[in-house]
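Here are some questions on how the labels for this model were assigned. Each answer sets a value against its definition.

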Amino acid sequence: MKCRCRYKVLPAVALALVCAGCAQSRKLAEIRGRELGVDLQLPAKNTPPKLDSTRRAPVHDTIRITGLDGREMLIMKAIRDDETGDMVATEELDAAYVVARFRNVAERHGKIDLEFQVIVPQELHDSHWQLRFHPEMYVLGDSLRLDDVVITGTEYRRAQLQGLRQYERYASRIVTDSMEFVDRRSLGIFLARNTRDSECEAEYHYTNHLAKYLNGLRMSRRPEMWRKYVKVPIVTEGIRLDTVMKDINGKCFIYNYVQTINTRPKLRKVDVTLSGAIFESDRRLYTIPVSEPLSFYVSSLNAFADGTERYKTQIVHRAVSANASAEIAFRAGRAEIEESLSDNRREIGFIKSKLRLLANNEEFDLDSIIITSFASPEGSVASNASLTYRRARSASDYFSGYLRQLRDSMRREEGFFVSVGDDLSEGNMRRAAMGPETIRFLSRSGGENWPALDALVLADTVLTDSEKDEYLLLSQNPDLDARERDILRSRFQSRLYSVMYPKLRSVRFDFHLHRKGMVKDTVHTNVLDTTYMDGVQAIRDHDYELALELLAPYQDFNTAVAYLAMDRNRSALSILKDCPKDARVNYMLALVYQRLGEERDAVECYVRSCEQDPSYVYRGNLDPEISELIRKYNINDDDDEI
């Protein structure tokens, strides 16, 4: 009896399935015929008011402001009467909506929020279908695909889950441990009785090779079975929404989509479109047409950046100096320069390159070079003083000879000749119109270089703290020769002699120059304030954190713009209050007050900015924050009706 009842039910089930399939086919044909698609729309800015059964007295939003001429004006939330043409106060302006394809969006912290709604008509819904929607964003000629929105029918999801469970049942039969196919008990007994036999050979003997083969076959077929059972896996990455739609009662489905993007230079407009498709299992049934674009116009405060060049006063000195140091090695007790000794060739080449640059400098003339030679503490103070002076004279002779070799080429460029001496009197410092005629070399003895030795000892990483303390104690002796004898008897003298003393035998070059054509010792001049201008450029590039870092010390209008862009409104207000109240400043004040919820001050400042510069009437309509005031109080509808 049970069998007969079951066979009577099966034809009915089959018939129901056929009817369902026919209904889906007709539905799909209708969708294709109508080229039905999905729409994008902008969400309402304000939630429509709930109706109240009790009668309430109307509440009029009326404020009193003062214009630039001192005349008081009443501004109220109003609409125009269609019959009389008069402006009448109204309690609510949100009773009707106009579907727009664009919206102005305000930038905050270098970012903007794009808010739109995905509207899916009821005709596209079916329990056996999955709807996949792909929002696309277009910015400055580039396109960027946003996260998908997926709407899945209950039967579609049931099939997905059923296929996943079938695959999991298949995968659960796969054994991952090969020892599961070994008769471990018999293997253990065998190995206990036959210790000489190979364990691997015994394991192979007690393995169920047929079961192992079948398991390997199942393992190799896993990709095939995945494709068979899980035709469309449930994906979570790159999906903004994946919802299972049960029953929407004949209503369309609406999803509120918010995408935050970083602003960038020259960004004025962002377009968003939507495309998609209907799928049944892994088959694409219908390609949803691309929607009409929504346009978002970016209202950025960087347009208010004042690019007027800012200058700062700079004191320019006629005389300037530069210095360089070289570790030129000398033989013990000798003063002659030998290029082949130690690293002299490299050190001398370094000084020569400095001389070439300074002698050919387009801004400065080279007046004199003071060469000071230093020695390590070996020997007496008197002998080292004499030795370092001779070495300084030797260096002067050497490098003046180098400049003589360049005399012909330098004369063609600047017209000078070289002399060596210590006379810096005015008569001997002659200059031709095109440059210096004489470059003076002055030799100085630096003596024993004890300060440099002190620094080397303290910075050394090999000497112990106790050794450094011992050195510091010895260095207090004012008798330099006695100090040197004490160091010779110290436990760390070998490191000083081998590592530090050679670094003390240096030659310092002090180059003295003056600015070409400058007569006075100092001149006050205005130069472009590059730090400030970099801050202004950072505003234009939407890098407001950098702009604040650069502009904060100035506390001027551009600083206020950077503060406003970062939504630091109180800081911006404290600056703007002290700025001259031109149209630009009044508009920014209106923006600040609006953000702070002080509408009367916001309206008053905006009206004043429009009186000063009518172009702000247009700007206000494009600014989302100011346009809210304009709509609420019907500002700028007619000048005589404000």
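Q: What places Tyr213 in helix H5?
A: Tyr213 falls within residues 209-220, the span of H5; helices are DSSP runs (H or I, at least four residues) and strands are DSSP runs (E, at least two), numbered from the N terminus. This is a predicted model, in which local features need pLDDT of at least 70, side-chain atom pairs count only at pLDDT 80 or more, and totals for chains, interfaces and linings use all residues. Residues are numbered from 1 along each chain as its sequence is written, and side-chain values use heavy atoms, with hydrogens and water left out.

Q: Why is Tyr213 called exposed?
A: Its relative accessible area is 54%, and exposed means over 50%, buried under 20%, partly exposed in between (1.4 Å probe, protein chains only). Tyr213 is therefore exposed.

Q: Why does His514 count as buried?
A: His514 has 5% relative accessibility, so the label is buried. His514 sits in strand E22, residues 507-515.

Q: How far is His514 from Asp367 in sequence and in space?
A: They are 147 residues apart in sequence and 7.1 Å apart in space, C-alpha to C-alpha.

Q: Which helix gives the most to the lining of the second largest pocket?
A: H8, with five residues. Helix H8 (381-405) and helix H13 (493-504) each supply at least two.

Q: What makes up that lining by residue class?
A: Eight nonpolar, five polar and eight charged residues; Ala, Val, Leu, Ile, Met, Phe, Trp, Tyr, Cys and Pro count as nonpolar, Asp, Glu, Lys and Arg as charged, and the others, Gly among them, as polar.
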